Amino acid sequence: MTMTIRSLTRGWPLALCMAMPCGAAAADAAAQVPMRDPWVPPAARQAASAASTHGAALNSQVERKLRSSFDAADADHDGSLTLAEARAGGFGMVAEHFERIDTRRSGRVSFEDVKRYLRGRGATTL
Amino acid sequence: MAGQNRRMNKPPGARCRSLIAAALLASLASLALTACGGGGGSSTPPTLGAGEKALDDATVYATGSHDALPAGTTTEAAAITKHSITLKGKALDYTATAGHLVTRDPLSNAPQASFFYVAYTADGASAATRPLTFFYNGGPGSASIWLHLGSFGPKRLATGEPSTSAAKPFPLVDNAETLLDTSDLVFIDAIGTGYSEAIAPNTNQSFWGVDKDAAAFRDFIVRYLAKNARHSSPTFLFGESYGTTRSGVLAHLMETAGVPLKGVVLQSSVMNYGSNCGVTGDDSMSCAGYFPSYGEVGAYYRLTLPAQPDPDSFAAQLRSFTHTSYEPAVSNWLAHHTPPASGLLAQLQDLTGISTALWKTHLNLDPSSFQVDLIPSVLIGRYDARVSAPKGSALAAEGDPSSTFISDEFARTMGGYLRNTLRYTNASTYITLSNAINSWDFRHDGVALPDAIPDLAAAMALNPALKVLSVSGYHDLATPFYQTEKDLARLGANPNIRIEVYNGGHMTYLDDDSRAQEKNDLRSFYQQALAQ
């Protein structure tokens, strides 16, 4: 009995698909149905892949995100950003704060300079 | 096709008024209303006053995955109307702007999409100090209609939930709890929802992914700030459900771009899709994060032993029990098929009303089963489990009576409200929920389903003053409050993060008492964020 209920209810989004068209072919037909957010279509579902990070592992994710923004803006790949590179490369935060990050007044800031500046503002994850 | 044949010189309101003026007969007045597509409105649109402008937008908007507006045809036109609302005896005059802004790629400057938005701005306020809040629902693929017409805008649909006895149509009433007394409000529809659409060579599908969608919202906000000279306004995000996932990713993108936020409001969060067993459908995953919600719902239906009249104190007990007893038992069950002790089963029944027999065979009870199994004859709601309907009834047919009861009314009201009150007219259907979810690219940071906690952490590293307010409903079986608390706990003890839980479901603001509480908490949250 409970197995029947379970399989039925587990599949209720599929039951919804039977009640009204689903899938790419029914793009507009599926409009105006009740919201089911959050929901993931079966094809995109995966076994829980990554463990929820916290502490040092989460901090390293944060650092990777910042590093990725830094590297994306580092047009000449010299490991530092000029004001122009930061502005043109989408790292507007560095551009906005450039003079305060560039404490040596060298016209270039390193990734460590950026981290040091953010720590000084109160960032606890860097 | 799109953008052609604009009839700016003949707004429909003007046409209606001339009809009525010529006829001066009640019977013809009602005919004119029909001809104007009166929809949710109940009266003929009033004459436009100084500074007001109706817009008859002839562009046809489409929300299919392959749809796009032809390049070079989009404009940033908007309807502008003046309104007033009385809050605590004091008149607040405001301007509503309903129309489109075109987003551009920040690096290439190429047009990307035409976003539909409705902005409510207080008249006479200083842009430098007046806060600005950007609202969006989730889905993904949902227009922002639920927050727009249900939560803290100047008007709200009075649904009466959790009761399902309210007569329809629901009245659209002045909202005594509007956030407009604190902040200007901008409701944004995601690309491929409402009247928002990609611009060729992009298609709507180009933006149907976690990263592309968040970048498009960033570009919309940047455009809104530039167009309205609001760069110095304190800026907040307010997302719901998938909109909280978007907020995590978007907050990181905003802070990276150097457009800092003051605060982020997370309404009924799913910050990590990988931690919500009701979303992944993964039988090997623990549903323990739902257990305190099961208890609160059981208490609402008076199925717990003893009765639990105070949701807040019961929540404390449920959190503690889940952490110390239930979660470890579920872990052992999933890993080793260790059967639960009979003492534990009795506790589970007392705390939820679900029988020991069901707990014995389904220790890792999923929320869909809970909706069906709690009470034999009825299906309880997913968004608001306090709403129930007999199994087999029309309200239960779509799997969530709380959603089915209100969905049509929101969709029906929007068209008439846009036409008659905001004076924005478009022949296309305003799509409240597109099919985006079925072809959405959920990948983010190299994993299949998005985890936006690292993004929020990165935003808070880039802007250590950033404040976060998380709000949840005790009776929400879509984004359970305890799981949200666990997800946010990953960020560590942080005085910038505040968590509130109210009676109610996913849309806590539909509950009249909870909306008032939430409004008070929002006001103090904004005050704290602005004090720095």
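Which residues of S15(B) are buried on one side, and which on the other? On one side they are Lys467(B), Leu469(B), Val471(B) and Gly473(B), and on the other Val468(B), Ser470(B) and Ser472(B), where a residue is buried if 20 or more other C-beta atoms lie within 10 Å of its own, exposed if 12 or fewer, and partly exposed in between, with C-beta atoms placed from the backbone. This is a predicted model, in which local features need pLDDT of at least 70 and side-chain atom pairs count only at pLDDT 80 or more, while totals for chains, interfaces and linings use all residues. Residues are numbered from 1 along each chain as its sequence is written, and chains are lettered from A and ligands numbered from 1 in the order in which they are written. Helices (H or I, at least four residues) and strands (E, at least two) are DSSP runs, numbered from the N terminus.

**Chain A and its helix H3**

- Chain A holds seven helices and two strands, arranged along the sequence in the pattern α-α-α-β-α-α-α-β-α.
- Of its 126 residues, 31% count as buried, and residues 24 or more positions apart supply 27% of the contacts in chain A with a separation of 6 or more, a contact being a pair of residues whose C-beta atoms, placed from the backbone, lie within 7 Å.
- Helix H3 of chain A (residues 55-73) has 19 residues, which should span 27 Å at 1.5 Å a residue, and its end C-alpha atoms are 28 Å apart, in agreement with that expectation; the expected span is 1.5 Å times one less than the number of residues.
- The buried residues of H3(A) are Leu58(A), Val62(A), Lys65(A), Leu66(A), Ser69(A), Phe70(A) and Ala73(A). Because they cover an arc of only 135° around the axis, they lie on the same side of H3(A), the arc being that of the directions from the helix axis to the C-beta atoms.
- The cover over these buried residues includes, from chain A, strand S1 (80-81), helix H4 (83-88) and helix H7 (111-121), and, from chain B, helix H5 (242-256) and helix H13 (453-462).

**Helix H5 of chain B**

- H5(B) has 15 residues and reaches 21 Å from its first C-alpha to its last, close to the 21 Å expected at 1.5 Å a residue.
- This helix is mostly covered, with 15 of its 15 residues buried, and Gly258(B), which follows H5(B), has a positive phi near 80°.

**Parallel strands around S15 of chain B**

- Strand S15 of chain B (residues 467-473) is mostly covered, since seven of its seven residues are buried.
- Strand S11 of chain B (residues 263-269) runs parallel to S15(B) and is joined to it by five bridges, with Val264(B) having Val468(B) as its bridge partner; two strands pair if DSSP finds at least two bridges between them.
- S15(B) is also joined to strand S16 of chain B (residues 497-502), again in parallel, by six bridges, and the partner of Gly473(B) in S16(B) is Tyr502(B).
- From S15(B) the chain crosses through helix H14 of chain B (residues 481-489) to S16(B) in a right-handed β-α-β crossover, meaning that, with the strands pointing away from the viewer, the path from the first strand over the helix to the second runs clockwise.

**Antiparallel strands around S4 of chain B**

- Strand S4 of chain B (residues 111-122) is mostly covered, ten of its twelve residues being buried.
- Eleven bridges join S4(B) to strand S3 of chain B (residues 90-104) in the antiparallel sense, and Leu101(B) stands opposite Phe115(B).
- S3(B) and S4(B) form a hairpin with six residues between them, and Asn109(B) in the turn has a positive phi of about 65°.
- S4(B) pairs antiparallel with strand S8 of chain B (residues 184-188) over four bridges, where Tyr117(B) has Ile188(B) as its partner.

**Domains and selected residues of chain B**

- Chain B is divided into domain 1 (12-275 + 407-531) and domain 2 (285-365), with bounds that come from an automatic or database domain assignment.
- The C-alpha centres of these domains lie 36 Å apart, and twelve residues of domain 1 are in contact with eleven residues of domain 2. H14(B) gives the most to the side of domain 1 that touches domain 2, with four residues.
- Ala316(B), found in helix H8 of chain B (residues 311-336), is exposed, with 11 other C-beta atoms within 10 Å.

Terms used: Contact = placed C-beta atoms within 7 Å.
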